[in-house]
Amino acid sequence: MRSAILIAALLIVASTGAFAADKTRFWNLTSVTIDKLYLAPAGTTNWGPDQCENDKDGSVDPDERLQLKNIVAGTYDVKLTDEHGRTCYAKGVKVKTTGAYSFSLNDKDLTDCSQ
Amino acid sequence: MSPRRLILLPLVALAVAGLAGAAQAYTAYVSNEKDNTISVVDLDKMQMVKSIPVGERPRGILLSKDKKYLYICNGDADHIEVIDLDTLQSVRTLDSGPDPELFALDRDGNKLYIANEDNAMVTVIDLKDGTTAMQIPVGVEPEGMAVSPDDKILVATSETTSMAHFIDLKTLQVIGSVLVDSRPRFAAFTPDGKYVLVSSEIGGTVAVIDMATRKIVKKIGFAIPGVDKPTIQAVGINITADGKTAFVALGPANRIAVVDLTNFEVKKYLLVGQRVWHADFTPDGKYLVTANGNSNDISIIDVDALKVIKSVPVGQLPWGVVIR
């Protein structure tokens, strides 16, 4: 009986995890197309892979969503490069794995931009 | 208070009261894609009077032909939600296929043509029984949808393919495609059906396509002093009932371009709220109301005077608007 409960619990966790992975999406609410997007745990420079590689055309247009891979809920710093070659940062971004999207960025969220 | 101010204040009050009176009894319904609501705005009072919770990511919004119902594309919920406008309650949902973004009704209001952004399809729903009548493959990321005034042709724009597809509404087959500038997002027919105008967000242009030849006869470009070219992103198009003027929403340029359709020249830019995607006329054609995503408001434009007369706060990230 105990093992049956455990298996059921594991199945629930597994199915919830799969759902969360599907919903782990970035929503580009800036006015520019983003060509590269990296996440690092907040306060570090341990940048993960370029998430734009998950997109079918390799970039995220304004108002478009991007599927994120291998990201868990937490607080991150985000580094991005836009279509004009400008690199910007967004610090201390809360990323969730529930709901329709994980996080969004507006123009006003971008800091320390440089060409 | 200076005597000049004392004279001016009643004049301004009179102007606002007069405009409010002219828009009397009209109501705007605004889809807010971030907080998943429809804002109901009384255009007489010029204020939001109700917020209706709907499914996730409402964007495209339409009135039924009898103006009794509101249809809403809930992109993240993968359905069309139907709101009864007498009760302001959700009365049914229609299976739309994945990620519905924009849609169009046929002339009689019996069929709904829906752009499915995620699977490159146009879904046709029979509104009598709510069933899916057909799915039509088109280019990648379809969005703009417009039915010709004679009810014979549907134009669907595909953002990634950068094409306007012409679909015969008898056979429901694509009978031709026209390459336009990058990321076409909207299509609108002139009232006489002679032209279809297709906006391109990244290209920042509007292509004027002759329906008889299916050729682009003019590309309308936009230039605003002091505004970076890449932020001029053409999206929503509203054409006056006399077919003489088009109002083009320019997204993060925060402007509406006023285009003279007799010569396809831009005659004015109107400053509105931030990231304006779509707009709608009041039924009398006297006012145009724009949905401004990043400033969370709507702007009300006096069409004859070509002036913005008021902004009204609504929900989060307003995307589309209809007025009855």
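Predicted model: local features only at pLDDT ≥ 70, side-chain atom pairs only at ≥ 80, totals over all residues.
**Entry: chain A as a whole**

I recorded 1 helix and 7 strands in chain A. Along the sequence, I read their pattern as α-β-β-β-β-β-β-β. I then turned to the contacts in chain A with a separation of 6 or more, and residues 24 or more positions apart account for 61% of them. For the surface, I noted that chain A exposes about 6000 Å², of which carbon and sulfur atoms supply 59%.

**Entry: a sheet in chain A**

I looked up the order of strands in an open sheet of chain A. The sheet has 4 strands, in the order β2-β4-β5-β7, and the pairing is antiparallel. Which strands stand at the edges? They are β2 and β7 (111–114) of chain A; each has a single partner strand, so one side of each is left without a neighbour in the sheet. From one strand to the next, I found a twist that averages 25°.

I followed one pairing of this sheet in detail. Strand β2(A) pairs with strand β4 (residues 74–82) of chain A over 7 bridges, in the antiparallel sense. Within that pairing, I noted Tyr76(A) in β4(A) as the bridge partner of Pro41(A).

**Entry: aromatic rings**

I counted aromatic pairs over all chains, and the total is 5. Trp47(A) lies in the loop between β2 (34–41) and β3 (65–67) of chain A, whereas Tyr89(A) lies in strand β5 (residues 87–95), so the pair ties together parts that are 42 residues apart in sequence. I checked the accessibility of both residues. Trp47(A) has a relative accessible area of 26% and is partly exposed; Tyr89(A), at 24%, also counts as partly exposed.

I next examined a pair in chain B. The ring centres of Tyr195(B) and Phe264(B) are 5.6 Å apart and the planes stand at 90°, so I recorded the pair as edge-to-face. This pair links distant parts of the chain, 69 residues apart: Tyr195(B) is in strand β17 (residues 195–200) of chain B, and Phe264(B) is in the loop between β22 (255–260) and β23 (265–271). Are these two residues buried or exposed? I found Tyr195(B) and Phe264(B) to be buried.

**Entry: charges over rings**

I looked for charged ends placed over aromatic rings and noted two cases. The charged end of Arg65(A) sits over the ring of Trp27(A), 4.3 Å from its centre. In chain B, the charged end of Arg214(B) sits over the ring of Phe166(B), at 5.5 Å from the ring centre.

**Entry: a hairpin in chain B**

I examined strand β12 (residues 142–147) of chain B and found it mostly covered, with 6 of its 6 residues buried. Strand β12(B) is joined by 4 bridges to strand β13 (residues 153–158) of chain B, and the two run antiparallel. Met145(B) has Ala156(B) in β13(B) as its bridge partner. The hairpin of β12(B) and β13(B) has 5 residues between the strands, and there I noted that Asp151(B) takes a positive phi near 65°.

**Entry: a sheet in chain B**

I recorded an open sheet of 4 strands in chain B, ordered β20-β21-β22-β23 with antiparallel pairing. At its edges stand β20 (237–239) and β23, each with a single partner strand, so one side of each is left without a neighbour in the sheet. The twist here averages 20° from one strand to the next. I found 3 bridges between β20(B) and strand β21 (residues 245–249) of chain B, which pair in the antiparallel sense. The bridge partner of Ile237(B) in β21(B) is Val248(B).

Where is Met211(B) placed? I located Met211(B) in the loop between β18 (205–210) and β19 (215–221) of chain B. Its relative accessibility is 17%, and as the limit for buried is under 20%, Met211(B) counts as buried. Leaving out residues up to four places away in sequence, I listed what Met211(B) touches, including Ile153(B), Phe166(B), Phe189(B) and Tyr195(B). Lys194(B) is also touched by Met211(B); the two are 17 residues apart in sequence and 5.6 Å apart in space, C-alpha to C-alpha.

Technical notes: Residues numbered from 1 in each chain as written. Chains lettered and ligands numbered in written order. Heavy atoms only, no water. Phe/Tyr/Trp six-rings, centres within 6.5 Å; stacked < 30°, edge-to-face > 60°. Buried < 20%, exposed > 50% of the residue type's maximum accessible area, 1.4 Å probe, protein only. Lys NZ or Arg CZ within 6 Å of the ring centre and 35° of its normal. Contact = heavy atoms within 4.5 Å. Areas by Shrake-Rupley, 256 points an atom, 1.4 Å probe, with all protein chains shown as cover. Pairing = 2+ DSSP bridges. Axes fitted to C-alpha atoms, helices over the stretch in contact; angles between N-to-C directions.
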